[in-house]
Amino acid sequence: MRRLPPVLIEDGCPRDLLSLIRTILAACKEISFRVSQGELSGVLGSTLDENIQGETQKKLDVLSNQLLKDILLESGYVKAIASEEEDYTVAGNPDAEYIVAFDPLDGSSNTDINSLVGTIFSIMKAPKDKAADDQSIFMQAGKHQVAAGYVLYGPSTMLALTIGKGTRLFTLDRTHGSFLLTEDKVTIPEDTKEFAINASNQRHWLAPMQNYIADCLAGEEGPRKKNFNMRWIACMVGDVHRLLCRGGLFTYPEDTKNPEKPFKLRLLYEANPMAMLVEQAGGVAYAGLDRILDIEPQEIHQRVAVTMGSKNEVEICLDYHK
Ligand code: AFP
């Protein structure tokens with residue numbers, strides 16, 4: 001009889017934190033079911049509303065956000081939440097120990113084409129000297145996160161989780177609704193031949209990134225003297241999961257497409273949690289030349305440039321920018 005891998009047991013994880021993580025996963029299991037139902041669930045397509053990002057909200061964006069918001073605020077485990085789909089933070093239990101920032105459905109432009117989507121979450125300690133409705137409660141650098149993770153709604157539903165003791169992967173066993181440990185210590189290879197970027201923005205990138213990507217594309221005949229492969233899922237969870245599994249470089253760099261919006265990805269609930277997962281797996285994560293986890297946030301929906309993944313390849317990319 002094959003010994004079943006352990007369910008979500010984080011040795012040394014404070015009980016309240018483990019309960020909070022399990023609460024998030026309870027909502028993610030429901031999101032996984034709705035996503036897997038597709039058209040049958042009646043929640044595909046877009047609403048008539050835009051979020052504060054100016055993006056049209058998909059019905060699944062709204063549903064996923066509501067599921068996470070309700071279960072977290074009812075749990076009593078959080079002092080406040082911040083969400084991509086909420087204009088402002090939402091106050092919870094003033095005596096709770098944690099705050100949670102999340103992207104309820106990352107990659108939601110993929111929902112109508114049955115492609116990968118995910119949920120990203122970032123857990124930090126709630127400052128005791130700030131009220132639950134004080135927006136600045138989230139103004140903490142990513143290095144202060146106590147836990148970070150994502151759930152990838154793919155052919156299998158997988159959880160990547162770190163509590164600061166390495167990055168682990170779990171797979172949802174639907175027969176009894178538990179996330180079973182399937183990778184105990186993720187280690188990102190330091191070198192790679194694979195990069196992920198939205199190449200349609202090439203003419204808008206700054207010269208250093210144009211030069212770095214051009215040299216990758218030049219392959220064996222070029223200065224890198226090796227051929228590269230390219231992937232782009234348009235869902236950060238899917239692209240980062242790939243580099244956790246087999247290495248790679250993921251980047252959404254600064255571009256000049258919209259002078260008011262030089263960056264795409266959000267610091268609090270995309271860049272920070274992914275940076276913690278990647279660093280805990282031996283990778284590196286930068287915004288321009290700055291380590292993402294050192295950035296002091298100024299605003300809850302702040303955007304940053306992102307380059308993360310295999311340590312040596314990211315450092316080569318950064319050398320083009322120095
Ligand atoms: P959506 O959640 O609006 O689909 O955006 C997803 C995302 O924030 C991130 O997950 C992707 O890596 C990136 O945007 C894709 O951006 P492009 O659509 O410009 O390629």
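## Elements around the ligand

Three strands, β5 (98-106), β13 (249-252) and β14 (265-266), each contribute at least two residues to the shell around the ligand in this structure. The model described here is predicted.

The shell also involves two domains: domain 1 (4-183) and domain 2 (194-321) each provide at least three of its residues.

## Composition of the shell

The ligand is surrounded by 16 residues, of which the closest are Asp106, Gly107, Asn198, Met236 and Tyr252. Sorted by class, the shell comprises eight nonpolar, four polar and four charged residues.

A polar backbone atom of Gly107 lies 2.9 Å from an oxygen atom of the ligand. For Asn198, an N or O atom in the side chain is 2.9 Å from a ligand oxygen atom. Lys264 likewise places an N or O atom of its side chain 3.4 Å from an oxygen atom of the ligand.

Conventions:
Residues numbered from 1 in each chain as written. Predicted model: local features only at pLDDT ≥ 70, side-chain atom pairs only at ≥ 80, totals over all residues. Heavy atoms only, no water. Near = heavy atom within 4 Å. Polar contact = N/O pair within 3.5 Å; in protein donor to acceptor, adjacent residues only side chain to side chain. Helix = DSSP H or I, 4+ residues; strand = E, 2+ residues; numbered from the N terminus. Nonpolar A, V, L, I, M, F, W, Y, C, P; charged D, E, K, R; others polar. Domains from an automatic or database assignment.
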